[in-house]
Amino acid sequence: MGKSIDLLQGTLDLLILKTLALEPMHGWGIAQRIQQISKDVLQVQQGSLYPALYRMEQQGWIRAEWGASENNRRAKYYRLTASGRRQLERETSNWTRLSAAIAQIIETA
């Protein structure tokens, strides 16, 4: 396992929205999915994840409901709303523009 990298500000929202676009998940599942897909490069701490989920729920981008986890424990599941799908499109577009601009500078400078 390599060293984890701190997320850029605002990136966590994009990662959460993208993860929830696949299926509803509980918080621990979201963190695990991000870590697995990034091959352990990105590790989301609970102290960052749950405030982000709360904020995104307040924004109306996600909706939470209680359910049973794989271990038959009570867990809060989050799902994307229509507003969240639109936000995901905006954030994906912004991220694509930003990463292309940074790549351009790295390759040129």
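A salt bridge is a side-chain nitrogen of Lys or Arg within 4 Å of a carboxyl oxygen of Asp or Glu. Keep that rule at hand for the exercises below.

The structure is a predicted model, in which local features need pLDDT of at least 70, side-chain atom pairs count only at pLDDT 80 or more, and totals for chains, interfaces and linings use all residues. Residues are numbered from 1 along each chain as its sequence is written, and side-chain values use heavy atoms, with hydrogens and water left out.

**Exercise 1. Get your bearings**

State how many helices and strands the protein has, and in which pattern they follow each other.

Solution. 
Step 1: Start with the rule that helices (H or I, at least four residues) and strands (E, at least two) are DSSP runs, numbered from the N terminus.
Step 2: By that rule, the protein has four helices and three strands.
Step 3: For the dimensions, the C-alpha trace spans about 55 × 35 × 20 Å along its principal axes.
Step 4: Now sort residues by cover: buried means under 20% relative accessible area, exposed over 50%, and partly exposed in between (1.4 Å probe, protein chains only). Of the 109 residues in the protein, 34% are buried.

**Exercise 2. Find the salt bridges**

Work out how many salt bridges the rule gives, and which parts of the chain they link.

Solution. 
Step 1: The count comes to three salt bridges.
Step 2: In one of them, Arg 55 and Asp 13 meet through their side chains at 2.9 Å, N to O. This pair links distant parts of the chain, with Arg 55 in helix H3 and Asp 13 in helix H1 (residues 11-22), 42 residues apart. Arg 55 has a relative accessible area of 37%, so this residue is partly exposed. Asp 13 is buried because its relative accessible area is 9%.
Step 3: Another salt bridge joins the side chains of Arg 33 and Glu 23, with 2.9 Å from N to O. Arg 33 lies in helix H2 and Glu 23 in the loop between H1 and strand E1 (25-26), so the pair ties together parts that are ten residues apart in sequence. Glu 23 has 37% relative accessibility and therefore counts as partly exposed.
Step 4: Glu 65 and Arg 79 also form a salt bridge, with 3.4 Å from N to O. Here Glu 65 belongs to strand E2 (residues 62-68) and Arg 79 to strand E3 (residues 74-80), 14 residues apart. Glu 65 is partly exposed at 42% relative accessibility, and Arg 79 is partly exposed at 33%.

**Exercise 3. Follow one serine**

Decide whether Ser 38 is buried or exposed, and find what its side chain reaches.

Solution. 
Step 1: Locate Ser 38 in the loop between helix H2 (27-37) and helix H3 (46-59).
Step 2: Its relative accessible area is 18%, so Ser 38 is buried.
Step 3: Look for polar contacts (a pair of N or O atoms within 3.5 Å; within protein, one must be able to donate a hydrogen and the other to accept it, and residues adjacent in sequence count only if both atoms are side-chain atoms).
Step 4: The Ser 38 side chain reaches the backbone oxygen of Ile 34 at 3.0 Å. A polar atom of the Ser 38 side chain also lies 3.2 Å from the backbone oxygen of Gln 35.

**Exercise 4. Check the backbone angles**

Describe phi for Lys 39 and for Asn 72, and say where each residue is found.

Solution. 
Step 1: Recall the background: most residues other than glycine have a negative phi.
Step 2: Lys 39 is not a glycine, yet its phi is positive, about 55°. Lys 39 is found in the loop between H2 and H3 and counts as exposed at 70% relative accessibility.
Step 3: Asn 72 has a positive phi near 60° and is also a residue other than glycine. Asn 72 lies in the loop between E2 and E3, and at 65% relative accessibility Asn 72 counts as exposed.

**Exercise 5. Look at a charge and a ring**

Find which ring the charged end of Arg 74 sits over.

Solution. 
Step 1: Apply the rule that a charge sits over a ring if NZ of Lys or CZ of Arg is within 6 Å of the ring centre and within 35 degrees of the ring normal.
Step 2: The charged end of Arg 74 sits over the ring of Trp 66, 4.1 Å from its centre.
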